[in-house]
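Hello,

Here is the structure I promised to pass on. My notes follow below it.

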Amino acid sequence: MTDFVRAATDAGRRIAACEAKGVHAFLAWSDAVLLEQAQRLAAAGATGPLAGEVVAVKDVIAESSFPTTCGSKILEGWRSPFEATAVRRLRAAGAIVAGKTVCDEFAMGSSTEWCAFGPSRHPLDPTRVPGGSSGGSAAAVAAGAVTMALGSETGGSVRQPAAFCGVVGIKPTYGRVSRYGLVAFGSSLDQIGTLGKDVASAARLLGVISGRDDRDATSLDRIPLGEPGPAPATLKGTVIGVPREYFPAGLHPGVRAASDRALARLRDLGAEVRDVSLPHTPYAVPTYYIVAPAEASSNLARYDGVRYGPRPDGALADVRAVYRATRGRGFGPEVRRRILLGTYVLSAGYYDAYYGKAQRVREAIRADFARVFVQGVHALFTPTTPTPAFRFGENTADPLAMYLSDVYVCTANLAWVPALSLPIGRDQGLPIGGQLIGAMEGEATIIRIAQALEGAVDATAEVR
Amino acid sequence: MSVTRKDVEKIAALAELGVDAAAAAELETQLTRILAFVARLAEVTDDATSAADERAARLRRDAVDPDPLSRAPREFAPAFTEGLFTVPRLGELDRGDGP
């Protein structure tokens, strides 16, 4: 029988140790809440695939024990009156919620430096970022505070921090996991994803939270993915595509060495490794930075000081002045920038030149993936990020430089396909992530390949 | 394409977002750079839907308008005087002799 109280007490100790080291993975957690959940589960004699697992939750996902702030001053202290379907499902599976993790404000960022309540720090090197926007979730897993966590992706926000921190991150097919209770950023891109200390942990969590939800009209009518199978001993008969656009001449030498080694292990396992092309890849970041801000500018209109957000003190001329003051003071610089960019590309004079064009290029990017997968490729292998974790402040002054750190991950969000990052080695002590991208609804395939690769590669070994 | 101060002020007004002068100056530069970067999408040839196509999105003018009400307040108010809703005093409600 599961000892829920012991699981909760141990988790509390690990979280306290993680935070005492200055990682700052959590925005909210408490021993009392951990214990209360454990006692409730024990009294109910709870069983389930996650019985006694302690799971951290990114702060853009609605949960009722703690505030849901989205890392923003505009939602400081706000408590959701309902819980996300993903959270309800993990509770029903016997899990305990560890607390809410640090993220860039409204999930807009790649480092957690845009969190209004301070960033998380890389557990292996406090001078470096853990990645983002789900950086708190990745840091919590990497620091050993929890073995699994929920994150969210709009343009790589689970896989990029997973790669930086040396853990596993899965972005499922769009619609695989309900978005009910995930605070909206870019609705045609957003998905809840999972992070774990290994492939099995991240896959088990995904298996529990996946499946149809009538509260989300975009959720796929499929049964939950369930438990992952055992790691396969061989990959004979599996075709791995290597898109040449993801391996430019100037690729970071550590990232290249780790990728080459992982590809050699895949060949050793019996997989056929094939050169392929996704020709519209260079246009993915520009497309993403039109589509996502356009959707964000609309989704974030609700934070106006009336429906959500604190009203500023003092007399204001009219309701419009309340809106402007609330939003101007409540949002941080990156969110303001993206709202304005989104408003610009949606304005009548520029709609077709920017937004219309981006939607058409997005279709071309989706067609690139579809073409490769119908040619018999089971999964694609790429680096997850162009570099290992960067230093604090390195990219904050230049938004474009920060956006380019998403170059290998935002394609899967635009194309709705599933993708996974797993650690494949280290360069000068910093983890490097390898990415497996699957066809639509191909989670089981990329999880199986990742399990085999995980067993064949020493993820903590230096690659050069 | 260069974003001007006037452009920033216009989109800030459309977005109902207060932006001070210092932030506006920074945004001019940043948005100009970002838009120059995303403009590379023009290199991609596609079978674009022409603006005259009847399937093209119909755009409304760029303006912040009040939320439209299907009926004027006067039409659904129990009592309406000089542009204001007229409501009973709480004591009157207790006696059941409100309007």
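First, the ground rules. This is a predicted model, in which local features need pLDDT of at least 70, side-chain atom pairs count only at pLDDT 80 or more, and totals for chains, interfaces and linings use all residues. Residues are numbered from 1 along each chain as its sequence is written, while chains are lettered from A and ligands numbered from 1 in the order in which they are written. Helices (H or I, at least four residues) and strands (E, at least two) are DSSP runs, numbered from the N terminus.

**Helix α8 of chain A**

α8(A) is mostly covered, with 14 of its 16 residues buried. Buried means 20 or more other C-beta atoms within 10 Å of the residue's own; exposed means 12 or fewer; partly exposed is in between, with C-beta atoms placed from the backbone.

Away from its sequence neighbours up to four places off, I96(A) touches F4(A), A7(A), A8(A), L34(A), Q37(A), A38(A), L41(A) and V54(A). Contact means C-beta atoms, placed from the backbone, within 7 Å.

Next, the packing of α8(A) on α10(A). Their axes come within 7 Å and cross at roughly 100 degrees. That makes the two helices roughly perpendicular. The classes are: under 35 degrees roughly parallel, over 145 roughly antiparallel, 65 to 115 roughly perpendicular, the rest oblique. Axes are lines fitted to C-alpha atoms, for helices over the stretch in contact, and angles run from 0 to 180 degrees between N-to-C directions. From α8(A), I290(A), P293(A), A294(A), A296(A) and S297(A) take part. They meet R338(A), I339(A), L341(A), G342(A), T343(A), V345(A) and L346(A) of α10(A). By class, this contact has 8 nonpolar, 3 polar and 1 charged residues. Ala, Val, Leu, Ile, Met, Phe, Trp, Tyr, Cys and Pro count as nonpolar, Asp, Glu, Lys and Arg as charged, and the others, Gly among them, as polar.

**Chain A against chain B**

33 residues of chain A are in contact with 24 residues of chain B. On the chain A side, the elements giving two or more residues are α8 (284-299), α9 (319-330), α10 (333-346), α11 (351-374) and α12 (399-403). The largest share, 8 residues, comes from α11(A). This side of chain A has 18 nonpolar, 6 polar and 9 charged residues.

Within chain B, the axes of α1 (5-14) and α2 (21-38) come within 9 Å and cross at roughly 110 degrees. α1(B) and α2(B) are therefore roughly perpendicular to each other. R5(B), V8(B) and E9(B) in α1(B) meet A24(B), L27(B) and E28(B) in α2(B). That contact divides into 3 nonpolar, no polar and 3 charged residues.

**Backbone points to check by eye**

Most residues other than glycine have a negative phi, and most peptide bonds are trans. A cis peptide bond joins G132(A) and S133(A), with omega about 10 degrees. S133(A) is in the loop between β3 (96-101) and α4 (135-142) of chain A. F106(A) is found in the loop between β3 and α4 of chain A. Its phi is positive, near 50 degrees. F106(A) is buried, with 30 other C-beta atoms within 10 Å.

Q428(A) is not a glycine either, and has a positive phi of about 50 degrees. Q428(A) lies in the loop between β10 (419-427) and β11 (430-438) of chain A. Q428(A) is exposed, with 10 other C-beta atoms within 10 Å.

**One more site**

Q160(A) sits in helix α5 (159-165) of chain A. Q160(A) is buried, with 32 other C-beta atoms within 10 Å. Beyond four places in sequence, its contacts include S110(A), G131(A), T384(A) and D406(A).

Best wishes

Note on methods: Two residues are in contact if their C-beta atoms, placed from the backbone, lie within 7 Å.
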